[in-house]
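Dear colleague,

Please find below the structure that I am handing over to you. My findings follow directly after it.

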Amino acid sequence: MDNQQPNNPLHGIKLADILEYLVEYYGWEVLGEKIKMNSFNSNPSIKSSPKFLRKTPWAREKVEQLYLKTKSE
């Protein structure tokens, strides 16, 4: 394992993988309710959402925090 970021629980996890997990766990509709973003509510896709999240730090932070919370449950 790469030890460059030992305290980062998201190190090595792709944004698309995070979204796939959340969509499988919640579905797009619930995910759109939990995180109010147009890209989750209007024509959502695993392909377009990561592009938006990479350009929008506040949205990416919400997605990452929901992922960590969901994985810890």
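On helix H5, the face turned away from the buried side carries the exposed residues Pro-57, Lys-69 and Ser-72. Please bear in mind that this is a predicted model.

The buried residues of H5 are Ala-59, Val-63, Glu-64, Leu-66, Tyr-67 and Thr-70. Seen down the axis of H5, these buried residues fall within an arc of 160°, so they line one face of the helix. The packing partners of the buried residues of H5 are helix H1 (15-26), helix H2 (28-34), helix H3 (38-41) and helix H4 (48-55).

The length of H5 was also checked. H5 comprises 16 residues (57-72), which at 1.5 Å a residue should span 22 Å; the end C-alpha atoms are 22 Å apart, in agreement with this.

Arg-54 belongs to helix H4. Arg-54 counts as exposed because its relative accessibility is 53%, and the cut-off for exposed is over 50%. Apart from neighbours within four places in sequence, Arg-54 is in contact with Leu-15 and Arg-60. Between Arg-54 and Tyr-67 there are 16 Å in space, C-alpha to C-alpha, and the two are 13 residues apart in sequence.

As for the whole chain, it has five helices and zero strands. Of its 73 residues, 33% count as buried. A compact globule with 73 residues would have a radius of gyration near 11 Å, and the chain agrees with this at 12 Å.

Yours sincerely

Note on methods
Residues are numbered from 1 along each chain as its sequence is written. This is a predicted model: local features need pLDDT of at least 70, side-chain atom pairs count only at pLDDT 80 or more; totals for chains, interfaces and linings use all residues. Side-chain values use heavy atoms; hydrogens and water are left out. Helices (H or I, at least four residues) and strands (E, at least two) are DSSP runs, numbered from the N terminus. The expected span of a helix is 1.5 Å times one less than its number of residues. Buried means under 20% relative accessible area, exposed over 50%, partly exposed in between (1.4 Å probe, protein chains only). The arc is that of the directions from the helix axis to the C-beta atoms. Contact means heavy atoms within 4.5 Å. The radius of gyration is taken over C-alpha atoms; the globule rule is 2.2 Å times the number of residues to the power 0.38.
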